[in-house]
Amino acid sequence: MNSSITSVKLVLLGEAAVGKSSIVLRFVSNDFTENKEPTIGAAFLTQRVNIGDETVKFEIWDTAGQERFASLAPMYYRNAQAALVVYDVTKPQSFIKARHWVKELHEQASKGIIIALVGNKIDVLESGEERKVAREEAEKLAEEENLLYFETSAKTGENVNEVFLAIGEKIPLKKAEDQANQQHGLRITDDQRIDLASSTNGPVKASGCNC
Amino acid sequence: MVATGEQASEDFHDSENGELSIFNCPVCSKELSDLRRLNYHLDNDHSFGEPQELATHPVNKQVKGRHKRDGFVAGHLKAFEPGISCCHECGRLLRKGTGIVNCHKCGELFCGAHCRNTIKLDSHGRYDPQKGRWYVCCYKCFGARPGYNDYGSSRELTETLKSLRTMKNEDKQLRIIQLENRLVRLLDGIIAIIRQYKGSLLEGFRVQKDISKLERTVTSWRDDNEATHCNICNQVFDITLRRHHCRLCGNIVCDSRSTNCSNQVPIYNLMNAANDLPFTEATQELVSDNVSIRLCSECIHNLFFQRKFKKEVRQPLSPLLSQCESISNTSRVIIQLTASLGDIERIKSISQAPEQFDVNESNKLRAKLLRAVASYHQSTKQISMIKPKNNAEKKIQQSVRMASSIFIDEKVLQLKSLPCINPPQIYHAPESQEVVKLSNFLADNLSIKEIKEIKQFREELMVLKEQAFLVETMIENAKKQRNFEEINILNGNLQELESRMQTIQEYLGDQSFA
């Protein structure tokens, strides 16, 4: 494996029930569940992706969309390098919320954050349901705000990996620019790796047994 | 209107084809040429059956096909008038396409869609579940028939139960009174005997003898031969399990230690436990005397269960619980007062010139409310001062604190939002007092904005706590899976969460619940 693993802190934002957790589930375990339980607080998952000869490790914080957890979001997007703002293509309200999130991210999150706007649930359009958020409208927003834009379906898996790949491809560029002053998303250098030969390694001790 | 159906005309034919005979009316002896005319005569002139029109020439007139059915009297069915008749249910104009149906019960006209039920009717369109035939009817008639409802039948047995219950309770009460009387007599007698022989040489001997004589007079003892089993636990008597008589009911019971069917009870204890009974003798002098009588467990239960229960109920609650009770009482008062105050203020705001009475009333209510709120506040403070005895009490204490502070926030907001259009010159004094009191009660001089903010922070704190808990679980899982990188990240997050919680808690200070 290449010695350079870039970890990327990525946060998912968006209205409740647009499919944030489903997108993550599709990306991490290539799985899908109908009628998922609403997320509580924020869930954490990781996934590695090889892009060229680089390995990108996504540390995904999947936040709850319900309003009562809104106060948690800033904590997770504050140091994130990437954000997925998800909306439901059949729910205009969720697109409005997505706009708010994009605005908030630009105002509050770190400067170089990569934001991907994701319109989810395109599979239901094929089953006859009406599209309520025009592609053009979303594209316009993406262009104005300098966002990546995808339409996905967590159910069929369409475009889900592409979203993350696109983010992953954009990351190394940034890394080269200001690697030094980034707290998170560091290359894991040798001294941070767990050295099994050394007895003074913190985490191993902490998690090991007493004997 | 065509009245009688096919049946009638057939009858007529029959009688014409058959022998010609003359019928006499059984009432007025009028001669009539055939049975049908006799029937008609009886129905109309002597009002048997329902009056109905006779078709002038039933033989010649072909009855319209719609309502003909064996013997069914179609008189109440509404006639269809093209272009005018509408469905009684949906109001649609009836055409051939819609279907034209009469409900055979109420006679109204319906379209095909609204007359689909069937009901058993007799020939006059009355409900007859036993002998009737099936006819089309509308849903209303279907549902309105006797004995039908959508949720099954119900029978009102409350009264029966009540009477049974009162009867049983009265019986029980009577029995208890009887037992109490016997107890009083027995104990008074025993004490008198003891006093009589006090100090005498023969005391031990005579007392025993007289008491056993007295015991026999209180109640008739059951014959020993009657019982082979203990009447309570059903064990067979033998040489080790002896028969004993209960001194109050005379029943034969065992004295097995395991079943406790009967016991020797010191009379002093009996008198103390039932000290509401009218004993004539004083109990004090009996302390030294150790006389006991045998009582069966049933009598003990009948006599003392209720007394014990009452005594336990009367025992004071723990300070925390009694405080809780007072809080809940005060909160009820507050809710009531706010509601009535709100009403009055609304009335005032509607009428341009508030009446003096209303104004006075509202001021009175306001003052009352503030007092209630203050005492509520006092109680909550006291609750937080009580030292919890165990974990459960600690939890109760915390919940009460949380609930009460939310309650007070809400009520005070409500109070402040009430329209207050009192002319200030008149109410200056009470109102300034109010303000002082309000701020007093809030102690920290919080404005509405601050209260809202605090509420918000509390909610955030709760969410954070929840999330911290989740992250801790995730860390545990990651540890199990030896996923050290994840642990690092999660630990970092946990620290962030904790520091945020700390900040909020510091901000909230006393107002947090932690």
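Reader: How far apart are the end C-alpha atoms of residues 480–507 of chain B, and how much of the span is helix?

Author: They lie 37 Å apart, and the span is 89% helix and 0% strand. Helices here are DSSP runs of H or I with at least four residues, strands runs of E with at least two, numbered from the N terminus. UniProt, in an unreviewed entry, puts the feature "coiled-coil region" on residues 480–507 of chain B; such annotations may be inferred rather than shown by experiment, with feature names shortened and positions given in the numbering used here.

Before we go on: this is a predicted model, where local features need pLDDT of at least 70, side-chain atom pairs count only at pLDDT 80 or more, and totals for chains, interfaces and linings use all residues. Residues are numbered from 1 along each chain as its sequence is written, chains are lettered from A and ligands numbered from 1 in the order written, and side-chain values use heavy atoms, leaving out hydrogens and water.

Reader: What makes Cys25(B) and Cys103(B) count as buried?

Author: Buried means under 20% relative accessible area, with exposed over 50% and partly exposed in between (1.4 Å probe, protein chains only). Cys25(B) comes in at 2%, so it counts as buried, and so does Cys103(B), at 0%. Across the 514 residues of chain B, 35% count as buried.

Reader: Why is helix 1 of chain A called mostly covered?

Author: Helix 1 of chain A runs over residues 20–29, and eight of its 10 residues are buried. Among them are Ile23(A), Val24(A), Leu25(A) and Phe27(A). After the helix comes Asn30(A), with a positive phi near 50 degrees.

Reader: What makes a set of residues a nonpolar core?

Author: They must be buried Ala, Val, Leu, Ile, Met, Phe, Trp, Tyr or Cys, joined through side-chain atoms within 4.5 Å. The largest such core has 51 residues, and Tyr76(A), Tyr87(A), Leu105(A) and Leu117(A) have the most contacts inside it. Apart from it lies another core, of 39 residues, including Leu187(B) and Phe237(B).
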